[in-house]
Amino acid sequence: MGCMSGILNILLYIINIVFLVVGILLIVLGSIMLSNFSQLTYVEQLSNTNTIPICVTVLGALIFIISFFGCCGVWRQSSCLTATYASMMFILFVLQLVLTCWIAVNGQDFLNDMSNLVNTLWKENTAVNKYPMSALELTFSCCGNTSYNNYLDSNQQVPGSCCGYPNRQQTCPASIYETRKGCNQKFTEFWSDNNDLVLWSGLGICIYELIVFVLAGMLAKCMRNKNAMR
């Protein structure tokens, strides 16, 4: 029993250290995703795009807190703390599994909404609306809705934002804007890549959390048996 308890102690301590790192990485990932839209805060319709990065950031914070709690339980050899940690880990496992399934089921619908959003921004790309496409073009290094031809077809000059210039009145050389993809493609690609990353990372972490829950439960039982023998 003592050998088993010692092995579980070491395993859980190492696992919780890894979980602390995973929590920090998720917080950083969510923050990076949110920072890409810092220039788009005045566009009301873009508020819904923050749902996934906010969920990722909150999940990372929860993993960090629970893992820190688990480290304390193992370090102090408290069966109560360890059992509570196991329960919290199971709850976190269920919540993350639900979130991962939601992303898998609604991922394509979400991407379609993002594509429609860019179409709407293109239609409203006027001085009255402060040229919302400029923010997208600067953030994602793209040009126009589907390509730079959108500007030429509507008898408009290709703005400086297509070349990365903050001043849209600045002349944008054709050698630059002709090499840039449309914002619709770049914007949906960005979300597609991040959705896949969140989905597969989420599945991996779910399996990891289930294993941790089982190990923590076994360790808590070993601690209770050890205390009962004293």
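This briefing describes the fold, the surface and several individual residues of one protein chain. The structure is a predicted model, in which local features need a pLDDT of at least 70 and side-chain atom pairs count only at pLDDT 80 or more, while totals for chains, interfaces and linings use all residues. Residues are numbered from 1 along each chain as its sequence is written, and side-chain values use heavy atoms, with hydrogens and water left out. The secondary structure comes to seven helices and zero strands, where helices (H or I, at least four residues) and strands (E, at least two) are DSSP runs numbered from the N terminus.

**Overall fold and surface**

- Read along the sequence, the protein follows the pattern α-α-α-α-α-α-α.
- Of its 230 residues, 43% count as buried; here buried means under 20% relative accessible area, exposed means over 50%, and partly exposed lies in between, with a 1.4 Å probe and protein chains only.
- Among contacts with a separation of 6 or more, 71% are between residues 24 or more positions apart, a contact being heavy atoms within 4.5 Å.
- The accessible surface comes to about 12,100 Å², and 64% of that surface belongs to carbon and sulfur atoms; accessible areas come from the Shrake-Rupley method with a 1.4 Å probe, and for residues only the protein chains shown count as cover.

**Annotated segments**

- An unreviewed UniProt entry carries the annotation "transmembrane region" for residues 7-31, 51-75, 82-105 and 197-220; UniProt positions are given in the numbering used here, feature names are shortened, and annotations may be inferred rather than shown by experiment.
- Over residues 7-31 the chain is 100% helix and 0% strand, with its end C-alpha atoms 36 Å apart.
- Over residues 82-105 the chain is likewise 100% helix and 0% strand, and the end C-alpha atoms of this segment are 34 Å apart.

**A nonpolar patch**

- Y13, I17, V21, L25 and W75 make a nonpolar surface patch of about 540 Å²; patches are made of residues with over 30% relative accessible area and no salt bridge, with like charges joined within 9 Å and nonpolar side chains (Val, Leu, Ile, Met, Phe, Trp, Tyr) within 5 Å.
- A salt bridge, in that rule, is a side-chain nitrogen of Lys or Arg within 4 Å of a carboxyl oxygen of Asp or Glu.
- The largest share of the patch, four residues, comes from helix α1 (residues 2-35).
- An α-helix has 3.6 residues a turn, so residues three or four places apart point the same way.
- L25 has its place in helix α1, and L25 counts as exposed because its relative accessibility is 54%.

**Helix α4 and the residues around it**

- Helix α4 (residues 132-140) is largely enclosed by the rest of the structure, because eight of its nine residues are buried; these are P132, M133, S134, A135, L136, E137, T139 and F140.
- T139, which is found in helix α4, counts as buried at 18% relative accessibility, and a polar atom of its side chain lies 2.7 Å from the backbone oxygen of A135.
- Y131 is in the loop between α3 (79-123) and α4; Y131 has a positive phi of about 45° although it is not a glycine, and at 25% relative accessibility Y131 counts as partly exposed.
- S141 follows α4 and is found in the loop between α4 and α5; the phi of S141 is near 50°, a positive value in a residue other than glycine, and S141 is partly exposed, with a relative accessible area of 38%.

- N149 is in helix α5 (residues 149-153) and counts as partly exposed at 31% relative accessibility; N149 and E178 are 29 residues apart in sequence and 8.9 Å apart in space, C-alpha to C-alpha.
- T188 is in helix α7 (residues 183-229) and counts as buried at 19% relative accessibility.
- The side chain of T188 reaches the backbone oxygen of Q185 at 3.1 Å, and, leaving aside neighbours within four places in sequence, T188 is in contact with L111, M114 and S115.
- S201 also has its place in helix α7 and is partly exposed, with a relative accessible area of 29%; S201 and T100 are 101 residues apart in sequence and 9.0 Å apart in space, C-alpha to C-alpha.

Notes:
Polar contact = N/O pair within 3.5 Å; in protein donor to acceptor, adjacent residues only side chain to side chain.
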